[in-house]
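Look over the model first, then read the points below.

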Amino acid sequence: CNKPVRLAKGHILFGIETLNGSTAVLVESPLDCLRLLTAGIGGGVSSFGVGVTERQLDLLFDRAEIVIFALDNDEVGLAKMWELRQRYLKSGKRIKFADYSHIPWAKDLGTEGVTDKDIQKAILRAKSLLNYRP
């Protein structure tokens, strides 16, 4: 379980209150937010799973100029990122997608064996809406 028991996870984002830059990195697990931070990447927020709601997206787009989707690098996470790409393709929003091409074996950025440099590379080389392909 990656959330407190009585938390309505579809209404909030873990870490949103500490977002102080113009870029947010959306991950599934709150633990991945902490892993981002230890790798020197701020702006991590968590949706508490792959089921990102409209309310969570509204919160995110209200607080960040650029959003990097870094959902899990598995079938469900990649499908959700593709769905988000299709939904926002003509929105004018500044959206990118984490680049897992150098760590295809990693389920997410918090997977054991993923280094700080791997995480930095995945975020710094994030693909634009137009260039993203899972």
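Two strands pair if DSSP finds at least two bridges between them. Helices (H or I, at least four residues) and strands (E, at least two) are DSSP runs, numbered from the N terminus. This is a predicted model: local features need pLDDT of at least 70, side-chain atom pairs count only at pLDDT 80 or more, and totals for chains, interfaces and linings use all residues. Residues are numbered from 1 along each chain as its sequence is written, and side-chain values use heavy atoms, leaving out hydrogens and water.

**Sheet**
- Five strands form an open sheet with mixed pairing, in the order β2-β1-β3-β4-β5.
- Its edge strands, β2 (44–46) and β5 (127–128), each pair on one side only.
- Strands β3 (residues 66–69) and β4 (residues 94–97) run parallel, joined by four bridges.
- Valine 67 has isoleucine 95 in β4 as its bridge partner.
- Helix α3 (residues 75–88) packs on the sheet and touches β3 and β4. Its direction makes about 155 degrees with that of β4.

**Helix packing**
- Helix α1 (residues 30–38) packs against helix α4 (residues 116–124) at about 100 degrees, with axes 9 Å apart. Axes are lines fitted to C-alpha atoms, for helices over the stretch in contact, and angles run from 0 to 180 degrees between N-to-C directions.
- That makes α1 roughly perpendicular (65 to 115 degrees) to α4.
- Arg35, Leu36 and Thr38 of α1 make the contact (heavy atoms within 4.5 Å) with Asp116, Ile119 and Ile123 of α4.

Conventions. Parallel < 35°, antiparallel > 145°, perpendicular 65-115°, else oblique.
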